[in-house]
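Hi everyone, thanks for coming. Let's have a look at one structure together, with the sequence alongside.

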Amino acid sequence: QTCALPISTTNTPLNQLIIMAYGLHPRQLTGLPSWAEDDKYDISAKPNSDGVPNVEQLKEMIRDLLADRFGLKMHKEKRELAVYAITVGKNGPKLAKAAGQGNLPGFGGPPGNVRVINSTMDECAGFLQGRLVDRPTVDQTGLTGRYDFTMKWIPDQALVAAAGPNAPPPPGADSPDVAPDLFAAFQNQLGLKLEQTRAPVEVWVVDKVSKPTDN
């Protein structure tokens, strides 16, 4: 029998916990008090079932914790925002089906040289908006599988800076075959397009939240 693995975060503000739990870009969250960005929390939780939880189960755990300890109540609205949309290029995707098994995706490397393992396109969009780009990112490919791929490009310094404190520092452009930018890398290396557009996306509005009581 497999033991449930504990989940922990250190020195994490509430707004980042909500973004993590609901898979949001910061522009998709509104109505938080100022302390939700200033106060930091250490959280340790353990799944109530055996095995390794998948991404949605992890998010559900954190959502339950936020509701229980912070009294978080929100509602969602559809609002048209500036986004990046991932679509399939005219010659089709250049993606290898995931070689491994399991519930969790893996994303490794700094901007400019990223290895993606066992990821759906929706999870890839979440990684992009959380680490690499400055606006919400939506998957419009219609692809339903899990994929492994590596992508190399020269990072746009403005996008890396706008992605926030979670983005690691970019590498130098030390390889002659690195794509000129992220958009070209998507098209040439993955057979996909990453395009700036506007689209209706879900925005979560905070109705009620309070500081947690001590353990």
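Here is something to look for while you get your bearings: which residue forms a salt bridge with Glu80? Before I tell you, a word on what is on the screen. This is a predicted model, where local features need pLDDT of at least 70, side-chain atom pairs count only at pLDDT 80 or more, and totals for chains, interfaces and linings use all residues. Residues are numbered from 1 along each chain as its sequence is written, and side-chain values use heavy atoms, with hydrogens and water left out.

Back to Glu80. The partner is Arg198, and the closest N and O atoms are 3.3 Å apart. By salt bridge I mean a side-chain nitrogen of Lys or Arg within 4 Å of a carboxyl oxygen of Asp or Glu. Glu80 sits in strand S4 and Arg198 in strand S10, so this pair ties together parts 118 residues apart in sequence. Strands here are DSSP runs of E, at least two residues, and helices are runs of H or I, at least four, numbered from the N terminus.

Lys76 and Glu202 also form a salt bridge, at 3.4 Å from N to O. This pair again links distant parts of the chain, with Lys76 in S4 and Glu202 in S10, 126 residues apart. Lys76 counts as partly exposed because its relative accessibility is 48%, and Glu202, at 32%, is partly exposed too. For the cut-offs, buried is under 20% relative accessible area, exposed is over 50%, and partly exposed is in between, with a 1.4 Å probe and protein chains only.

Now compare Asp134 and Arg135, whose side chains meet in a salt bridge at 3.8 Å, N to O. Both of these residues are buried. The structure holds seven salt bridges.

Let's move on to helix H6, residues 182–190. Its buried residues are Leu182, Ala184, Ala185, Phe186 and Leu190. What covers them? The cover includes strands S4, S9 and S10 together with helix H4. At the start of H6, a side-chain oxygen of Asp181 comes within 3.1 Å of the backbone nitrogen of Phe183. After H6 comes Gly191, with a positive phi near 70°.

Finally, the whole chain. There are six helices and ten strands, and 40% of the 215 residues are buried. Taking contacts (heavy atoms within 4.5 Å) between residues at least 6 apart in sequence, 82% join residues at least 24 apart. Thanks, and I'm happy to go back to any view.

Technical notes
A polar contact is a pair of N or O atoms within 3.5 Å; within protein, one must be able to donate a hydrogen and the other to accept it, and residues adjacent in sequence count only if both atoms are side-chain atoms.
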